[in-house]
Amino acid sequence: MSINMITAGDERLILNSMLDHNRRALVETVRGLDEMSARLHLVPSLTTPISLIKHAAAAERIWFQRFWAGLEEQECDGYSRRDEGTFTVAEDETLEEVIAEFERAGTRSRDIAARFSLDDIKRQPREGLVSMRWTLVAMITEFARHAGHGDILREQINAVGHHHPGT
């Protein structure tokens, strides 16, 4: 997997590049999986390969659409409550649709984040005062952690013979 990342430049450029890198890395963990493999429950939690992507899309909406843009839930382009519902994937949703949803949410997040300086601060009930800088770092961390989860799930899927088409 070749993912270009900016490693020098101003802070905002590097933060945005690292966040985009981790978004792509997370998606790469599910690329090419068939629908059945994407839904395999290999751990006791709600985590499946497809649900990781669904959860990431919700995280984008929670932090950028709800928190930073101040949108109400019904104004968001998908699930945006901070609970386990972020992992819920409808039976009729395909992996490609969920990936597209995550990519749309990321595009909207980039647009919203660009409206704020890194030092802009808002109060969040759980975390207290939160800067845009903190939000970007938190999302980088979130998506890196979930990409790691996705890598492990993919190893498990490949080990039990649920290969993606063409392997």
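The side chains of Glu-93 and Lys-54 meet in a salt bridge, with an N-to-O distance of 2.5 Å. Glu-93 belongs to the loop between α3 (49-68) and α4, whereas Lys-54 is part of helix α3, so the pair ties together parts that are 39 residues apart in sequence. Both Glu-93 and Lys-54 are buried. The structure described here is a predicted model, and the values below were computed from that model.

For the structure, the count comes to 17 salt bridges. One of these joins Arg-133 and Asp-119, whose side chains meet at 2.6 Å, N to O. Arg-133 lies in helix α5 and Asp-119 in the loop between α4 and β1 (121-124), so this pair ties together parts that are 14 residues apart in sequence. With regard to accessibility, Arg-133 counts as partly exposed at 25%, while Asp-119 is exposed, having a relative accessible area of 53%. A further salt bridge is formed by Glu-28 with Arg-31, and here the closest N and O atoms are 4.0 Å apart. Glu-28 is partly exposed, with a relative accessible area of 36%. Arg-31 is likewise partly exposed, and its relative accessible area is 31%.

Aromatic contacts were examined next. A search of the whole structure finds five aromatic pairs. In the pair of Phe-102 and Phe-143, the ring centres are 5.4 Å apart and the planes stand at 85°, so the pair is edge-to-face; the cut-off for this class is an angle over 60 degrees. The pair links distant parts of the chain, since Phe-102 is in helix α4 (residues 95-113) and Phe-143 in helix α5 (residues 132-159), 41 residues apart. Phe-102 is buried, with a relative accessible area of 2%. Phe-143 is also buried, and its relative accessible area is 0%.

Elsewhere, Trp-63, Phe-67, Trp-68, Phe-116 and Trp-134 form one aromatic cluster. Phe-67, a member of this cluster, is also approached by a charged side chain: the charged end of Lys-122 sits over the ring of Phe-67, at 5.1 Å from the ring centre.

Two individual residues in helices were also considered. His-146 lies in helix α5 and counts as buried, at 6% relative accessibility. When residues up to four places away in sequence are not counted, His-146 touches Leu-26, Leu-52 and His-55. Asp-20 is located in helix α1 (residues 11-28). At 17% relative accessibility, Asp-20 counts as buried, because the limit for that class is under 20% relative accessible area. Between Asp-20 and Gly-32, which are 12 residues apart along the chain, the C-alpha atoms are separated by 20 Å.

At the level of the whole chain, the secondary structure of the protein comes to five helices and two strands. From the N terminus on, these elements run α-α-α-α-β-β-α. The radius of gyration of the protein is 16 Å, close to the 15 Å that the globule rule gives for 167 residues, so the protein is as compact as a globular protein of that length. Along the principal axes, the C-alpha trace spans about 50 × 40 × 25 Å.

Buried residues make up 45% of the 167 residues in the protein. Among the contacts with a separation of 6 or more, 71% are accounted for by residues 24 or more positions apart. The protein exposes about 8,800 Å², and carbon and sulfur atoms supply 54% of this area.

Note on methods:
Residues are numbered from 1 along each chain as its sequence is written. This is a predicted model: local features need pLDDT of at least 70, side-chain atom pairs count only at pLDDT 80 or more; totals for chains, interfaces and linings use all residues. Side-chain values use heavy atoms; hydrogens and water are left out. Rings of Phe, Tyr and Trp (its six-membered ring) pair if their centres lie within 6.5 Å; planes under 30 degrees apart count as stacked, over 60 as edge-to-face and the rest as tilted. Helices (H or I, at least four residues) and strands (E, at least two) are DSSP runs, numbered from the N terminus. Buried means under 20% relative accessible area, exposed over 50%, partly exposed in between (1.4 Å probe, protein chains only). A charge sits over a ring if NZ of Lys or CZ of Arg is within 6 Å of the ring centre and within 35 degrees of the ring normal. Contact means heavy atoms within 4.5 Å. The radius of gyration is taken over C-alpha atoms; the globule rule is 2.2 Å times the number of residues to the power 0.38. Accessible areas come from the Shrake-Rupley method with a 1.4 Å probe; for residues, only the protein chains shown count as cover.
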